[in-house]
Amino acid sequence: MVGQSVKMALKSVLSNKMRSFLTMLGIIIGVVALVVLVSLVSGATTSVTDEINNLGSNLLTVSVSDNKGKPMKLEDLRVWMEEDPIALTAPLSQLEATGKYGTESDSVQVHGTTAPYAQIQKLEVSRGRWLKTTDVDQVNYVAVVNTALAEELVGYKDCVGESISLNGMRFTIVGVLEEEDSAMAAMMGEQMTAYIPYTAALRVSDQISSEVTTFYIASEDEKSMDRAEARVKALLMERFDEDEDAFTVINQSEIMDALGSVTATLSLLLGGIAAISLLVGGIGIMNIMLVSVTERTREIGIRKAIGAGRGVIMLQFLIEALTISLIGCLIGILLSWGILAVISAVGGMAFGVNGTVALAAIAFSLGIGVLFGLYPANKAAKKAPIEALRYDG
Amino acid sequence: MIVFKEVSKVYHIGGEEVRALDRASMHIRKGEFVSIVGPSGSGKSTLMNIMGCLDVADSGEYRLDGQPVDRYREWELTAVRNRKIGFIFQNFNLIPKLTAWENVELPLIYQKISREERQRRTAEALERVELLNRARHRPAQLSGGQQQRVAIARALVTKPSLFLADEPTGNLDSRTGEEIMRIFHELHGQGNTIVLITHDRDIAVQAARQIGIHDGKVKEVG
């Protein structure tokens, strides 16, 4: 019986192609809005989350804003690490320098740091080696460069052993980092970056003092992270006269949590707006089904006369409403898939149809088909056969 | 087989009381070919609707095949229509979207009969009215006489106890009308019960027995 009803429903949908299409359009637009918006938000969230995860999820960023006359030195960090080696720490000083190779010249981001930095930030060296503690201690003029610098300034990837000059000082390239493959890097282009020993960076620019104002702490897991956070806070409090405002400690997982809740709210909001347009589409279905019931009053009368019960008539019209909403939904999902593919191609970021939201769209469309089909179907089922047979439409 | 006892039906049209059937009583036996004759407004249609279980009487008793259908509820009446009654209407009442085959098959679908048997019986019924070669045509692609033959096939496909025909030749020219009447005679010859409702005396006299209806009152004619 259901099979027959589906056949009848398809027949009726196809016999009024333009009308069916216009009715479906409401559902199609609603589904496209829902699927595309939510997929975009969740796609962007995933890529931002990946980016942050790449920075290390167990990462503390410490910045000192007021040193109270007791500036932190590199030595202090080392002492902390030796006292309690639960975490890795590395200072960072950043500056912009003029990089030169032969006649080529360009602006280069210079990061002055120490050996643990690579591990903390999960940097991988593809050729040569990373900075060593001895490089820092002996103030070696060595640099580890990223692929962008190797390719654009030096001219080829495998440039270990070459010399570049940063603000006029010669550095020997000892390592090249692995190429970044994150979406963000792909979209914005990688900046040319050179990592040099913290001590060497002090000599490249006058702007950098020997005071450590920014450093990173990382540990293997969240548990030791909490311990490290508590410890570094205690140490800093002690050092800076119990003044909380003298420094800030930013926990990466806190940022992640905040980001997660922001994007969840955003998804919900956009999804809600899109769901309203689906609802409007549903009202369109109800409207057209009511017209259809009136138009087919005579058909309903004939069916009832030859033995169709209320249930059968009801089922037929309900399935018709469901067919319209489901076909609309499927077209909408296909369309969303196409739109997201185009956005991905143009934007250089990979967006796919979010499976959960696609399923939600199907479930929602089914619900709308039933909800808005029920009233017209019931109206059809309740018609008295003699009156329906007498109807001239 | 059909027993009407004091059946009455009153309509209220614009505050006025119209007694469409007034204590109508009759008895139709199995295998009879009966015509019910009367002018328009005589209560013919009401009689047919009640006999066909499309409507229920206000008072009186109606038994079909010994079943007290006057006491049946809507879903039971639906089942009776489906299994016991084969309708043939003046305006054919075929579903325009469906082919001749699908129209004939429809009552069997409502009986939840298996696909194979449906196909066998639909083919049989269409063969019976010599329209198997037009099975894939829609009603609009058929002539009036052909449409009425499809309607007859739809009625006989369920092997009903009663063929109920309401002015079956009313929309047809006299030659096609005769063709349709021939089919009714054949069906009667095979032992089927036929009730034919008409205002046309020439058609009515073809039945073995005539019942007249006038102002809602029923009386035997000839």
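Helices (H or I, at least four residues) and strands (E, at least two) are DSSP runs, numbered from the N terminus. Glu254(A) lies in one such helix, H10 (residues 252-295) of chain A.

This is a predicted model, in which local features need pLDDT of at least 70 and side-chain atom pairs count only at pLDDT 80 or more, while totals for chains, interfaces and linings use all residues. Residues are numbered from 1 along each chain as its sequence is written, chains are lettered from A and ligands numbered from 1 in the order in which they are written, and side-chain values use heavy atoms, with hydrogens and water left out.

**Chain A: sheet and helices**

Glu254(A) has a relative accessible area of 47% and is therefore partly exposed (buried is under 20%, exposed over 50%, partly exposed in between, with a 1.4 Å probe and protein chains only). Its C-alpha is 10.0 Å from that of Leu60(A), although 194 residues separate Glu254(A) and Leu60(A) in sequence.

An open, antiparallel sheet of chain A has four strands in the order S2-S10-S1-S11; two strands pair if DSSP finds at least two bridges between them. Its edge strands, S2 (88-91) and S11 (247-251), each pair on one side only. Strands S2(A) and S10(A) (residues 214-218) are joined by four bridges, and Pro91(A) has Phe215(A) as its bridge partner in S10(A).

Contact means heavy atoms within 4.5 Å. Angles run from 0 to 180 degrees between N-to-C directions, and axes are lines fitted to C-alpha atoms, for helices over the stretch in contact.

| Helix | Strands crossed | Angle |

**Chain A: a helix pair**

H1(A) (residues 2-15) and H12(A) (residues 310-347) pack at an angle of about 60°, with their axes 8 Å apart. H1(A) is therefore oblique to H12(A) (angles under 35 degrees count as roughly parallel, over 145 as roughly antiparallel, 65 to 115 as roughly perpendicular and the rest as oblique). Residues in this contact include Val2(A) and Val13(A) of H1(A) and Leu315(A) and Ile327(A) of H12(A).

**Chain B: sheet**

In chain B, six strands form an open sheet with mixed pairing, ordered S5-S6-S7-S3-S8-S9. Strands S8(B) (residues 209-214) and S9(B) pair in the antiparallel sense over five bridges, and the bridge partner of Gln210(B) in S9(B) is Val221(B).
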